[in-house]
Structures are given as structure tokens and as C-alpha cells.
Amino acid sequence: MTDAVARIHAALADAGVTGWLHAFDIDSGEQLDAGADQPVCTASVHKLCLLVALHEQAARGALDLAEQVECGPEERTAGPTGVAAMLDAARMSLRDLAYLMMAVSDNAAADLLLRRVGLDAVNATTARLGLTRTRAVHSFGEMLATVKEDAGPEGARALADPRVVSRLRALDPERTNRSTPRDMTRLLGAVWRDEACTPEHGAAIRRIMGLQVWPHRLASGFPFDDVHVAGKTGSLPTLRNEVGVVEYPDGGRYAVAVFTRTAHTAATLPAADAVIGTAARIAVDALRARAFRSSR
Amino acid sequence: MDLVRHLECFVAVAEESHFGRAAARLGMAQPPLSQRVQRLERELGVRLFERTSRQVRITEAGTLLLAEAREVLSRTESFLAAARRVRDGETGLLRAALPPDLSGETVAALLADFGDRHAGLELELHELSTAQQLDRLAAHDLDVGVVHHPCDVTGLELGPVLRRELGVLLPAATAAGLDEVPLPALSGRDLILFPRTAAPALYDELLTTCARGGFTPAAVRHGQGASFVQGLVLSSGAVALCPRDAAPSGQGNGEADVVWRPLTGGAPALRHSAAWPKGRGDAAVQAFAEAATHALRTAAGAVPDVPARPLHLRPASEYWL
């Protein structure tokens, strides 16, 4: 295992990133810790906490997932995908908004859901599941507003300046939505073992997480047609995250959380995305090797 | 009234837009936080927030005062850092570091300037790579350094980012008649670069920038020492990147075997800035940072790094401004 941890750190360094990872076998509880308790900014990974809170309220009967939401074109949270990128008024159900929030990280859909669910409920859900170091302090729109404010009048272009990046409040875990790799794998384990919600709602969460479209991070480490990957990414300038579950046809299920910061401020860094998959693969291979040895 | 403590409350509520969350961040209960904000509003005679039953919103007057409040808090931090230095008996000593690739002239200019700004302070100067500096800054074994970008700036404050444009080292015969070299003209040549493990992100940035400008090396050879690099340039027809101030001496007298030429067409650059741990930028650290910035600009020909190229965020970036 220490060899796997060393290989993970070497892979991250080779990709020009600093990173923290926690992985565990959902059924045996065997784990791999490469900085599992590091406080990290969650960015869009926190949409997973919101999704679980939404289903918890639905399970209690506090809301109906088929409830229709008016998505007016005014005051939508900005984003490059989903409702956030659309121009006209739309109307859709809470669960379809949840699908867009998870499949393409739709910021507008996330904030519409957050308005219905409430930030306090998201924190109550994570607290109930024992995620003591996980906390949402603002909406996704508010988080992006701090980036815009800290970037100043130059806008997105200023985010190439390391000095501007060093000042972003959205990259300081004390001042934005936060968690740890271990808290996130704990959440994933609860979802996959149906401890977070009823089995019916657990299945709905797992379905949506399996529909995420991005192939470039966690999934890239598992180029096997018979291996299922479900996850949620999170990104901000220099920050690249993904948490998810990798399922093998022999029944092996592994929760993995990877949080990284790139040295470079460039927005397009394919190697930094891919190393999330590489690191997760090293971790999962190590957990599977350990299970194989102990079964003999 | 403890103004600093009250301003902390003001800034926290402004940033969180929520009394409960601001209280959690400050590690205090909500009622005393509300009282402090009200007291501050009374003392100033300015209404800072609009409160409704569901939310709290900063007023226009509050917005006008927010930047000043942050400034006061950051000055306070700097003052406390200085006090810590005095208390810890470090008052006479500043532990600083420079990267190995600065020219002797640049280092001399920096030291002279720092001496003028801060006579009487002893400077303990180390020659350290960026990776070594980041480790020591994080461990608080170093007060201030000058780092190469790209590097992970988590937990650091930075001085202005400066760039030293890179030119190319060529055999004199190849360079004859050329005042400058367009990047695509280097096509097909080998490039000599430091070993990638020394700074993977910088290594990749240099190769990406060269490729973006039209120069994809036939092969990359690894070398670092000046003599070794010049030997490779002379013997193999490979080229090397080098800032003007670090170019081999003998330039311009027509006798050098290896000569330096500026690159055109999107030349790569080395980028530096002074760096120190967040919240520990006291007067001595600032003086060193300013001296380093000044020396890089005057002795090494560095210029402010203004992001000039467009930035097209792609949908997978997940954020949008």
C-alpha cells in the first residue's frame, strides 16, 4: 500500500499537480489514504451533497421529485452547460434539474434545486451522515461571484495570473464549500450501501451519477467496457476534483475521491484531468490486489 | 470598541451574506456577532446591511467601506507578523531564497537595493529551486523567496508576476545574418531542456508554447549546466532556450561560438514572483519582495506579465465569469 501511495504521489507530481486521495472498498472497508484528511474546496463536487439532500427530503415526503420548477431566463446562475447556458424560459421537474446538475454540472439547475432544498438542509444531511468536516457556506452562484469579484475588471483572463489565483477566496477551504477526501468516500459508501436514503432513492442517485458525461477524469483511468464508473467532478481555476464509485463485474465496488490543484494556471490541461483517473486506478488496483491476496 | 475585531465581523458577514455562516466562520455564536455589527453601524453612523427575515444583504454604503475594511485587516495581519518576528527574536534576520538561474548582476542589484531599504537587517540568503522554496515556505523555514511559475501557490501571497522572454542559443555559423529567430524556423531541430522531473509543469509549458508558436522539436535532450548546454549546441546542431541576461558572455564581439538571438512569434518566457506565506508579509518581507521585483526589472530585463491572449473556457471547465 505504501508503494501505491508513493506511485500516486509520483503520478500527480508528473502531471504538475498537488493532490489528495482517499479510496476504499465499499464492502470490505479496506482503504488507501494519500492525504485523506486534507481540507479541500469541493466546488461542483458539493452538488452530490445537494443531490442526496434532495432525495432525503423526497423520501420524507417534504417534496415531490416530479414537482415542476419554472426556470426563468432572468437571474440564472452562470455556467457553460445545461439550463445555465440556455436562453429561454423552461419548465422541468426537480429530478430532471438534478439530472442536469449531475450529468453536465449545470450551475443554474443546482441553484434552482438549492433554493428549493435550502443550504441548511444540505448541511444537515452531510452532518447526519457523519461528514464532520464537510460544509456548504454558499450557493454555486455566490461561489462564482467571489471568483468574479476577486478576479477584478479583467475577468476570466486575469485568472491566468498566479497572483490573482493566490487571492481567490473560492480556493480557500476556510472560506468556501469544503470537505475532505475521506468525508466524500464516506458519503459515496452510504449512497452505495443504501444507508443515505431508501433503496429506491439510492438507486435514483446512483443512476444519475452514472449519467455524468465527462470522460476525461476518473473514468479515463478505467478504459474497460465492463467496468462501471459513476462520479461527480468539481472545477475552478487550478482546481480539479472528482469523486465517484468504480464497479467491477466481479462485484468489487470502490469509492474514490481525488482533489487536486495544478501548478499551472492554464484552463486547458488534459494531463491534469487524466491523472485523476490514473491515481484512482492505482488506488483501486492496490485495493483489488489486497483483496485477492487475502482471499487465497 | 475593538475596531479590528468589529471589522472582521463586518467582512465575514459581507462575504457570507448570512449571519449564521459568518458566525460559524469566526468561531463565535450568532447573537454577539449581530451585536458587534450593530455596534459598528452605530459607531460609524452608517447602515452596512439590509436585513430581512430570510437574508442579509450589504448596502451600497457597506460596499463602499468593504475594500477599506479588508485593507485594514490585511495591514493588521502584517503588523502582527512583524510583532511575531520581534517576539520570536528573529527581528534582525530575514531568511530569503533566490532561484539558481538569476544572473550575478541581478543578485547584486537586489542585495544593494535591499540594503538601502532595510539597513541593519541581516539577510540569510539561500540558493534554492522553486520546489525547495515551496517546501520551506510551507514549513515556515523561509520568510520570503523568488519562485518560478507555474507552481502551486496554495497558502502563499505573491508579488507582481514578471516575465523574462526567452531567446535561443545557436551555433554562431547558423545565426549569421539573423537578428532574431522566428519560432517556426527552428523546426526539425532538437531542443535542449532541463530534466522534466525538476519542474514538470514548467517543462510542459515551455514545450507547449514552442509547439503553439510552430516549433515542435525533433527530440528533446536533457541538459542543465551552461557549459554542457553550449557543448551540445556546438556539437549537435540542437538549440537551447535562454533568457537574455543569462546568455553566454562574449556576446556582440563576434568571437563567440554560441550566440543568443531573440525569438519571435510567441516566444516562451520564464515567469517569476516574490512569494511568502499568507499573512506573514511584514515590512522586511515586503522590502525584499520589492527589491527582488526591482532587480528583476532593471538588471534582468523582466517585464510585468500581462495576460494578453484570449482565454476560451471550455464547457468542462464548469465555471463561467
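Visitor: How far apart do the C-alpha centres of domain 1 and domain 2 of chain B lie?

Guide: Domain bounds come from an automatic or database domain assignment. For chain B this gives domain 1 (3–87) and domain 2 (92–305), and their C-alpha centres are 42 Å apart. Do keep in mind that this is a predicted model, where local features need pLDDT of at least 70, side-chain atom pairs count only at pLDDT 80 or more, and totals for chains, interfaces and linings use all residues. Residues are numbered from 1 along each chain as its sequence is written, while chains are lettered from A and ligands numbered from 1 in the order in which they are written.

Visitor: Is B:Phe215 buried or exposed?

Guide: Count other C-beta atoms, placed from the backbone, within 10 Å: 20 or more is buried, 12 or fewer exposed, and in between partly exposed. B:Phe215 has 26, so it is buried. Its place is the loop between helix 8 and strand 10 (220–222) of chain B; helices (H or I, at least four residues) and strands (E, at least two) are DSSP runs, numbered from the N terminus.

Visitor: Which residues does B:Phe215 touch, not counting those up to four places away in sequence?

Guide: Contact requires C-beta atoms, placed from the backbone, within 7 Å. For B:Phe215 the partners are B:Leu183, B:Pro184, B:Leu186, B:Ser187 and B:Cys210.

Visitor: And where is B:Gly266 found?

Guide: Look in the loop between strand 12 (258–264) and strand 13 (269–277) of chain B. With 15 other C-beta atoms within 10 Å, B:Gly266 is partly exposed. Beyond its neighbours within four places in sequence, B:Gly266 contacts B:Leu183, B:Thr209, B:Arg212 and B:Gly213.

Visitor: How many residues of chain B are in contact with chain A?

Guide: The size of an interface is often given as the accessible area lost when the parts come together. Here we have residue counts: 31 residues of chain B are in contact with 40 of chain A. Helix 1 (3–16), strand 6 (156–158) and helix 8 (200–212) of chain B each give two or more residues to that side of chain B, and helix 8 gives the most, with four.

Visitor: At what angle do helix 2 and helix 4 of chain A pack?

Guide: Axes are lines fitted to C-alpha atoms over the stretch in contact, and angles run from 0 to 180 degrees between N-to-C directions. Helix 2 (residues 46–60) and helix 4 (residues 94–103) of chain A pack at about 160°, with axes 10 Å apart. Helix 2 of chain A brings A:Lys47, A:Leu51 and A:Leu54 to the contact, and helix 4 of chain A brings A:Leu94, A:Ala98, A:Met101 and A:Met102.

Definitions and conventions: Contact = placed C-beta atoms within 7 Å.
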